[in-house]
Amino acid sequence: MPDASKSLIPSFQRPPSRVAIRRNANYGQDLSSLLYETLLEFDPPVRGKTVLLKPNFVGPDPLGVMNTHPAVIAAARDGFLRLGASQVLIGDGPAMDRDTEAILESVNLREYVRTPSRVFVDLNVDDVKCVPLKTRASRLKELYLPKTVLGVDFLVSMPKLKTHHWAGVTLSLKNMFGVVPGSCYGWPKNVLHWAGIDRSILDINAAARPDFAIVDGIMGMEGNGPIQGTPKECGVLVLGDDPVAVDATCCRIMALRPHKVKYLAGAGTLLGHLNAAKIKQLGESIESVRTPFAVLKEFKALQEN
Amino acid sequence: MIPADSASDQSNATRELSLAESPFLHLLERAQNEDGGWGFQPGRSSRVEPTCWALLALLQLQARENVKERLSRGVQFLRASQLSDGSWPAAPAQETGCWVTSLACWALLAAKDSSGAAEKGLHWLCDDWPKDSSPWRRFIAHFFHKDIARHNDSYRGWGWTPRTASWVEPTAFALIAMSQCPPDMLPRSASRRRHLAKFLLYDRMCPGGGWNCGNPRTYGVAGESLIIPTVWALLALRNQQGRSEVEASLAWLEKNLLNIRSGASLALARICLETFGRSVPIHEQDVRTSFDKNEFLENVPVTAWASLACNARPHWLAVEVPETA
């Protein structure tokens, strides 16, 4: 259960993390079986529990390159239900556009998830609770967070594999910006930018504590992401029980150095494992799916030589 | 501009009658809490923003049974939620006010509340300068961020939260709130604030017309306009018809009606085009059909906008107080 009052576990006290890479060429393949079988390997503690899937819904996206693809969300939902979860909700609070219904329509969620209005929670307008920030990585002392996020038993971050023009990359940790409610902080959630994006990412993840990550890297985005970048086929799904380790693995797949991503370097000391030696790799090897992503010139230092 | 109150009495009566079967009003009634406020969805805690939208929608339906009593309770909730500095918070127990102060002032002015709460709120708004246009920030932006976004940082509007940056929607809401109050209620600084804010909106318009949250160009790439911020910016600039930015944005809105995929955008686009006296290809039935699809996810602000869109609005944005008054 994500619990803001739980003290942070320094990475050196964590057991090794596990990250699985699955090759998948397109969204038309049988993602349900693939994700279910992979989730079985992790055996997440979800039987009889409520799971919240937190995709990355940024804006209207008819080409399907900006938002987490609904086929991946539906497959993950199916997988957790098959593992015995009593309820699997989908929730996000889009950051740039308050018209959540328009975004859901543009990604065609209703084609993949029956009665999305019953399972989708607009985190921008959910009831909120004040959470004191114990990490104090940024200058924020507290954040108002959605009660749905704080109340579920198992929280899954489901980002798209993208570069980001302020943070370098946007993966499962940066995706948690979407749990911060627009109704309190606006569209965009500008107070986080003023508090420092990299540091805010640490505070939010320490408070919300995602338990698992599933990254949609079948079609990613490079360059001037997360909205105006260039589509980039990568053909992978990356799953793991440590969002920091998942993001580090994604960086390595993108031929980027995770230690050079500011917020990931911080997360490696606070939240999870960044070092490859502490990450047990399942499925495909990083090398076999490595797909170098272009970055803006401001982030050239992130690229592997 | 054709004012919304120019519709004939007969037309008003027809529209009000058709609303009798409206699901919008039913949802708004169902969503009002014991404390008089509204949450974002039925059963949710009362918040300032949905309360303001529900009040603005119900104000057009005062002739209906029980509506006056609901309005009175809603106004009481707003008055009780005001912070001591005159602002309103976005969530209960928050000790800092923010952008919803504009909505609260607008709703209280529309409800003709005489408690002085709106006046106090407007003074807070005029004292709330965003930090992004301070000389130091402008220096930093000029030398270090010039490739990221090319704004004219001498213009200043309002932010979502105090002491951050100006954005399109909070700026539009503040302008609308100020346009609704008697001139003697505003502090002396209001005229300058409104002038700077209108120019900020022009400056932040996306190439080709329309607005997004306030990033018309990032790293040299043009931003894409969105319906909702475009509508609020246009309504804030509704007495500037003929100005090229307003005309371009109206044209963008008309061109993009076919791409609308939500009840919120449908309703707001209809309100905006009606306010500007343009032909409105979005019919009341379109908004209702959209509601039937998913009940707008039971979102109270969207339902209130739909109610406003499908109802005559004789008292809504009907009066524009001159800027220089």
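Guide: Start with helix 10 of chain A, residues 243-253: 11 of its 11 residues are buried, so to speak mostly covered. Buried means 20 or more other C-beta atoms within 10 Å of the residue's own, with C-beta atoms placed from the backbone. Helices here are DSSP runs of H or I, at least four residues, and strands are runs of E, at least two, numbered from the N terminus.

Visitor: Which residues are buried there?
Guide: Among them are A:Asp247, A:Thr249, A:Cys250, A:Cys251 and A:Arg252.

Visitor: Is this experimental or predicted?
Guide: This is a predicted model; local features need pLDDT of at least 70, side-chain atom pairs count only at pLDDT 80 or more, and totals for chains, interfaces and linings use all residues. Residues are numbered from 1 along each chain as its sequence is written, and chains are lettered from A and ligands numbered from 1 in the order written.

Visitor: What comes just after helix 10 of chain A?
Guide: A:Ala255, with a positive phi of about 60°.

Visitor: Now strands. How do strands 2 and 3 of chain A pair?
Guide: Parallel, over four bridges; strand 2 is residues 50-55 and strand 3 is residues 87-92. Pairing needs at least two DSSP bridges. A:Leu52 stands opposite A:Leu89.

Visitor: And strand 4 of chain A, how many bridges to strand 3?
Guide: Three, again in the parallel sense. A:Gly91 has A:Val121 as its bridge partner.

Visitor: Switching to the contact. How many residues from each chain?
Guide: 32 from chain B and 28 from chain A. Contact means C-beta atoms, placed from the backbone, within 7 Å.

Visitor: Which helix of chain B gives the largest share of its side?
Guide: Helix 12 of chain B, with three residues.

Technical notes. Contact = placed C-beta atoms within 7 Å. Buried ≥ 20, exposed ≤ 12 C-beta atoms within 10 Å, placed from the backbone.
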